[in-house]
Each structure stands twice: as structure tokens, then as C-alpha cells.
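Me: I have a model open and want to learn how to read its features. Can you take me through them one at a time?

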Amino acid sequence: MVSRSRQQWISLLFALFLIPTLLAASGAPQKLLPDAPSYSAYAATLTGRGKFDLFLQRNSPQEILLGTTFDAGWAQLTNDWPGYGQGMQGFGKRWGALMADRETRSFFGTFLLPTLLHQDPRYFRMGAGRPFSRRLAYALSRVVVTRKDDGRNTFNSSLVLSTVLAKSLSNAYYPQQERGFSHTMNRVEGSLLGSAQGYLLREFLPDIIGICRKHQSKWLERQERKLPFSRNFDPDAYPELARFPKGTQVAATQP
């Protein structure tokens with residue numbers, strides 16, 4: 001059985017091969033766009049209240065249900081954490097463990113630590129019009145580099161510490177054979193790899209959507225607008241759906 005970390009390395013390498021191929025087929029430039037629930041030509045400084053609202057928005061029922069259920073089903077299929085067993089009981093335990101992982105890491109990494117450390121938990125796209133290699137390096141570097149509330153770059157201690165804390169707490173509910181230092185570090189590695197994959201997706205997904213949208217029918221466009229999370233994927237396409245979260249202060253600084 002291939003380990004979860006190895007699967008994530010394979011999928012990351014596959015993404016690095018696939019993305020430039022897709023971008024080569026796109027001729028439509030994308031605007032600079034921050035990955036945030038607000039939409040503005042300016043970077044928005046989040047207060048503590050804004051970071052808490054962002055935490056709530058990132059944990060919408062649709063995303064939690066779909067994401068956690070898919071991950072639990074995949075873990076069941078590949079027999080991750082065999083100590084949980086199979087059947088509905090095993091699926092329920094995997095679902096509960098993944099839900100606890102997701103919520104704990106999101107709370108620490110989106111609200112608590114960014115508020116205490118004065119860091120911005122959002123990812124800001126570099127956007128099209130820049131060399132692919134530069135965008136790639138930028139997206140991957142966000143695992144260890146983030147913005148402070150004043151706009152300066154700093155070590156992404158919010159992400160790293162929240163990952164270590166969440167994966168350490170998972171020793172309380174993971175199967176006995178999955179506990180301990182080495183297993184915890186493997187989970188930390190896998191989670192940070194997952195963050196790198198997520199940043200690549202946020203950087204290049206609008207470009208890929210632009211390729212698909214070239215041949216999109218009017219009916220499909222109308223259906224897409226109805227999706228409650230459409231602005232999270234590509235708010236640039238639907239600026240009228242975007243809203244500023246509570247606790248957001250607009251600063252005249254370009255992202």
C-alpha cells in the first residue's frame with residue numbers, strides 16, 4: 001500500500017506536469033485576484049473579527065460535507081488507518097477523525113495563530129502575465145512565507161505551528177498503532193504537502209477555468225452562478241457575488 005505522503009508527492013509532481021500543459025492552451029490573461037471572501041482592487045487588512053469570519057466561511061457546510069466525505073471514502077478504499085476497520089463503523093471513525101483534523105487546523109491556522117502573530121491567513125495570487133516558473137515558485141513558497149498584517153513578508157509560523165498542533169492532537173483519537181512521534185511527523189509532512197497542492201490550485205485554477213469557460217454554454221454559466229461556493233473558485237468572473245467580510249479594513253496596497 002502506498003503511503004499517504006507518497007501519494008501526495010505523486011499528485012504534486014503530476015500537477016507540476018499538467019499545469020503548464022493546460023496554460024499553454026490558454027490565451028486569456030487573468031487579473032490579479034486575492035484568494036479572499038472579499039473582492040477589491042486593493043488588499044484588505046483583516047482584523048481579528050475578520051479572521052474569525054474567514055474561518056467560518058472556510059468551513060461552510062457544503063465544503064465540509066463534500067470534502068470530508070470524499071476524503072473518508074478514499075481513506076476507506078485505500079484502507080488508511082486500518083485500526084478503524086471497515087464497514088460503516090470504520091467509515092464513521094475515519095470521517096470523524098478527518099473532521100476533527102480539518103476543524104482543528106482551520107481554527108488554529110485561520111483565526112487563532114494569525115490573530116496572535118499578526119499574520120494574514122489568505123493566499124494572494126501572483127496572477128497571469130508572469131513567467132510560469134516564477135508563479136510556481138511563489139505558490140510553493142507560501143508554505144513557509146506569508147504576509148504580516150502590515151503587508152511585509154514573514155515566516156509562515158501560523159501554518160506550520162497550526163499543522164504541528166493539529167497533528168499532535170490527533171494522537172488522542174487516531175488508532176493506537178498510528179500514534180507516536182514518527183506517525184505525527186508523517187502527518188505533518190502530508191498536511192504541508194497538501195497545503196502546497198492547495199496553493200498551486202489557487203494560483204492556477206482561474207487560468208484553467210478560463211480555458212474551460214471559452215467553450216461554456218449560457219445554460220452552464222447560469223447554473224454555475226447558482227453554486228454557493230462559485231466566488232471562492234473564481235470571484236473575478238462574478239464580482240457581483242463577492243462581499244466584504246465583517247472586520248475587513250481596506251488598505252490602499254496592491255496585492
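Reply: Start with one side chain. Leu-116 is exposed, at a relative accessible area of 57%. Buried means under 20% relative accessible area, exposed over 50%, and partly exposed in between, with a 1.4 Å probe and protein chains only. Leu-116 lies in helix 4. Helices (H or I, at least four residues) and strands (E, at least two) are DSSP runs, numbered from the N terminus.

Me: What should I know about the model itself?

Reply: This is a predicted model: local features need pLDDT of at least 70, side-chain atom pairs count only at pLDDT 80 or more, and totals for chains, interfaces and linings use all residues. Residues are numbered from 1 along each chain as its sequence is written, and side-chain values use heavy atoms, leaving out hydrogens and water.

Me: How many helices and strands does the protein have?

Reply: Nine helices and seven strands. Of its 255 residues, 42% count as buried.

Me: Which residues form a nonpolar patch on the surface?

Reply: Leu-116, Leu-117, Leu-161 and Leu-165, with about 340 Å² of accessible area together. Helix 4 (87-117) and helix 6 (157-169) are the elements that give two or more residues to this patch. Patches take residues with over 30% relative accessible area and no salt bridge; like charges are joined within 9 Å, nonpolar side chains (Val, Leu, Ile, Met, Phe, Trp, Tyr) within 5 Å. Areas come from the Shrake-Rupley method with a 1.4 Å probe; for residues, only the protein chains shown count as cover.

Me: How do I read a helix pair?

Reply: Two packed helices are described by the angle between their axes and the distance between the axes. Here the axes of helix 4 and helix 6 come within 8 Å and cross at roughly 140 degrees. Axes are lines fitted to C-alpha atoms, for helices over the stretch in contact, and angles run from 0 to 180 degrees between N-to-C directions. Among the residues making the contact are Phe-108 and Leu-117 of helix 4, and Leu-161 and Leu-165 of helix 6. Contact means heavy atoms within 4.5 Å.

Me: And backbone phi?

Reply: Most residues other than glycine have a negative phi. Trp-81 has a positive one, near 50 degrees. Its place is the loop between helix 3 (61-77) and helix 4. Trp-81 counts as buried, at 9% relative accessibility. His-118 is another non-glycine with a positive phi, about 60 degrees. His-118 lies in the loop between helix 4 and strand 3 (119-120). His-118 is partly exposed, with a relative accessible area of 49%.

Me: How many salt bridges does the structure hold?

Reply: Seven. A salt bridge is a side-chain nitrogen of Lys or Arg within 4 Å of a carboxyl oxygen of Asp or Glu. One of them joins Arg-135 and Glu-203, at 2.8 Å, N to O. Arg-135 lies in helix 5 (residues 132-141) and Glu-203 in helix 7, so the pair ties together parts that are 68 residues apart in sequence. Arg-135 is buried at 3% relative accessibility, and Glu-203 is buried at 0%.

Me: Are Asp-120 and Arg-122 buried or exposed?

Reply: Asp-120 is buried, at 8% relative accessible area, and Arg-122 is buried at 6%. Their side chains meet in a salt bridge of 2.7 Å, N to O. Asp-150 and Arg-152 form another, at 2.9 Å. There, Asp-150 is partly exposed at 48%, and Arg-152 is exposed at 51%.
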